[in-house]
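Have the viewer open as you read, and take the points in order.

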Amino acid sequence: MGMGEAIAAVCFDLDGTLVDSEGEAADAFELAMEPLGRRLSAKERDFVVGHGFGEIYAFIKAGGGLPWSSKELEEAVFAARVTLFARNGAGELPGAKEVVRKLSSRWPCALVTGSTRSEANLMLEALGITDCFAVTLCAGEYPQGKPSPIPYQQAAQALGVSPQQCVAIEDSTAGIQSARSAGMHCIGVRVGNRYGQDQSHAHQLVDTLLDVESLLLSRERI
């Protein structure tokens, strides 16, 4: 970590970073589409990891057709998420609650996710960290999802800081690309990366969120 800018804000991804839900996201799409008799291909399951809802809808529609509108799929996926959530709980990744609380007491924090707002709220409420985020940006609230830099650029703007003063905490290839191309210092966290997404473009790689905390609190610069 170069001793450059002082950290002014921290941005967190949600799925695969705070909650162990990357597999569950694909499971939710699959469960939602069961009435259509349409299974997800391995390629589609892989695409779900790290991409936003709008991009996923377009990808599935292009890949094998979909008789539903984006809104219909969104509602079906949310219902499936609630079902899976009741079965499995929030699946907090190691240190998520503690680290978000600690870092948000020191810096303003944003949540930047490809999940819909209803899905994100479900997870944040379960973890009890809704109030830790000054800004939450969800699918449909930016014109283009990750790997576009727009979600992270919008987050920095909403926080009133430059992207160069932000640290982004991510797990997926698309998310790391998004944060980096927005100009943020990106830390990749290995523990939630169950599907072997390429994390090599992160500025730094750590095993868990607890390592992120010690890194940021010991240096306070990026």
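Is helix 1 (residues 22-32) largely enclosed by the rest of the structure or largely open, and why? The points below start there; please keep in mind that this is a predicted model.

1. Helix 1 is largely enclosed by the rest of the structure, because nine of its 11 residues are buried. To count as buried, a residue must have under 20% relative accessible area. The residues of helix 1 that pass are E22, G23, E24, A25, A26, A28, F29, E30 and A32.

2. What lies over those residues? The cover for the buried part of helix 1 includes helix 2 (42-48), helix 3 (53-64), helix 4 (70-88) and helix 6 (117-127).

3. Because F12 sits in strand 1 (residues 9-12) and F133 in the loop between helix 6 and strand 3 (135-137), the pair ties together parts that are 121 residues apart in sequence.

4. Are F12 and F133 buried or exposed? F12 has 0% relative accessibility, so it counts as buried. F133 is buried as well, at 8% relative accessibility.

5. A stacked pair is formed by F29 and F53: the ring centres are 5.8 Å apart and the planes meet at 25 degrees. This pair links distant parts of the chain, with F29 in helix 1 and F53 in helix 3, 24 residues apart. F29 is buried, with a relative accessible area of 4%, and F53 counts as buried at 5% relative accessibility.

6. Finally, return to F12 in strand 1. Leaving aside residues up to four places away in sequence, F12 touches L18, V100, L103, C109, A110, L111, V112, F133, I169 and L209. F12 and I187 are 175 residues apart in sequence, while their C-alpha atoms are 10.0 Å apart in space.

Conventions:
Residues are numbered from 1 along each chain as its sequence is written. This is a predicted model: local features need pLDDT of at least 70, side-chain atom pairs count only at pLDDT 80 or more; totals for chains, interfaces and linings use all residues. Side-chain values use heavy atoms; hydrogens and water are left out. Buried means under 20% relative accessible area, exposed over 50%, partly exposed in between (1.4 Å probe, protein chains only). Helices (H or I, at least four residues) and strands (E, at least two) are DSSP runs, numbered from the N terminus. Contact means heavy atoms within 4.5 Å. Rings of Phe, Tyr and Trp (its six-membered ring) pair if their centres lie within 6.5 Å; planes under 30 degrees apart count as stacked, over 60 as edge-to-face and the rest as tilted.
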